[in-house]
Amino acid sequence: MGVYDRNRGKRGRAPNYWLDYRVDGRRYQEPAGTGDHRAAEALLRDRKREIRDGVWRPPAERTTPARPTVADCVRQWFLDRTAAAARNKARCCVVPPTEVQSMP
C-alpha cells in the first residue's frame, strides 16, 4: 500500500500521485487527483479507514455524476427560456399603481 508519483523522473511534468493498495488479495490503483503528496496520503488513509469499516467499494463500482448530454442541455435551455419569458410577460403586464390625487 502506498502513494506514488507516475510522473517521477519525467522532465517538466507536474506530480501525478496515485494510490496503490490491496483488498482481499486484489491490487487496486486509482488516481489521487492531486499533485500534493500529503493530500494523496490523506486520501490513502481514508481508503484504509473505509476498508477497515467495511464501507469501501471498488473504484469501478463508485458512482460518478453522469455528464450531461446534448439533449439534457437543450431541455434545460428551453426550460430556462420558458421561465424567462414568463417573468418578462409578468413584468410587462403589471400595471403601476395609480397616484391618488386629492381634491382641493
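Reply: Leaving aside its neighbours within four places in sequence, Leu-44 is in contact with Gly-2, Val-3, Leu-19 and Tyr-21, where contact means heavy atoms within 4.5 Å. The model is predicted: local features need pLDDT of at least 70 and side-chain atom pairs count only at pLDDT 80 or more, whereas totals for chains, interfaces and linings use all residues. Residues are numbered from 1 along each chain as its sequence is written, and side-chain values use heavy atoms, with hydrogens and water left out.

Leu-44 belongs to the largest nonpolar core, a group of ten residues. Helices (H or I, at least four residues) and strands (E, at least two) are DSSP runs, numbered from the N terminus.

The strand β2 is mostly covered, since six of its seven residues are buried. Here buried means under 20% relative accessible area, exposed means over 50%, and partly exposed lies in between (1.4 Å probe, protein chains only).

Consider next the sheet to which β2 belongs. Three strands form an open sheet in the order β1-β2-β3, with antiparallel pairing; two strands pair if DSSP finds at least two bridges between them. Strands β1 (2-5) and β3 stand at the edges with a single partner strand each, so one side of each has no neighbour in the sheet. Neighbouring strands are turned against each other by 25° on average, direction ignored.

Strands β1 and β2 run antiparallel and are joined by four bridges, and Asp-5 stands opposite Tyr-17 in β2. Six bridges join β2 to β3, which also run antiparallel. Leu-19, one of the contacts of Leu-44, has Glu-30 in β3 as its bridge partner. The strands β2 and β3 form a hairpin with two residues between them, and Asp-24 in the turn has a positive phi of about 55°.

Helix α1 lies across β1, β2 and β3, running at about 20° to β2. For such angles, axes are lines fitted to C-alpha atoms, for helices over the stretch in contact, and angles run from 0 to 180 degrees between N-to-C directions.

Glu-30 is buried, because its relative accessible area is 7%. Leaving aside its neighbours within four places in sequence, Glu-30 is in contact with Trp-18, Leu-19, Tyr-21, Arg-47, Pro-59 and Arg-62. Among these, Tyr-21 is joined to Glu-30 by a polar contact of 2.4 Å between side chains, and Arg-47 by a polar contact of 3.0 Å. A polar contact is a pair of N or O atoms within 3.5 Å; within protein, one must be able to donate a hydrogen and the other to accept it, and residues adjacent in sequence count only if both atoms are side-chain atoms.

The side chains of Arg-47 and Glu-30 also meet in a salt bridge (3.0 Å, N to O), that is, a side-chain nitrogen of Lys or Arg within 4 Å of a carboxyl oxygen of Asp or Glu. Because Arg-47 lies in helix α1 and Glu-30 in strand β3 (residues 26-31), this pair ties together parts that are 17 residues apart in sequence. Arg-47 counts as buried, because its relative accessibility is 12%.

Arg-47 forms a further salt bridge with Glu-50 (3.5 Å, N to O). These two residues are three apart in helix α1 and are therefore separated by about one helical turn. Glu-50 is partly exposed, with a relative accessible area of 25%.

The structure holds six salt bridges. Another of them joins Asp-72 and Arg-75, with the closest N and O atoms 3.0 Å apart. Asp-72 and Arg-75 are three residues apart in helix α2 (residues 70-93), so about one helical turn separates them. At 32% relative accessibility, Asp-72 counts as partly exposed.

Terms used
Core = buried A, V, L, I, M, F, W, Y, C linked by side-chain atoms within 4.5 Å.
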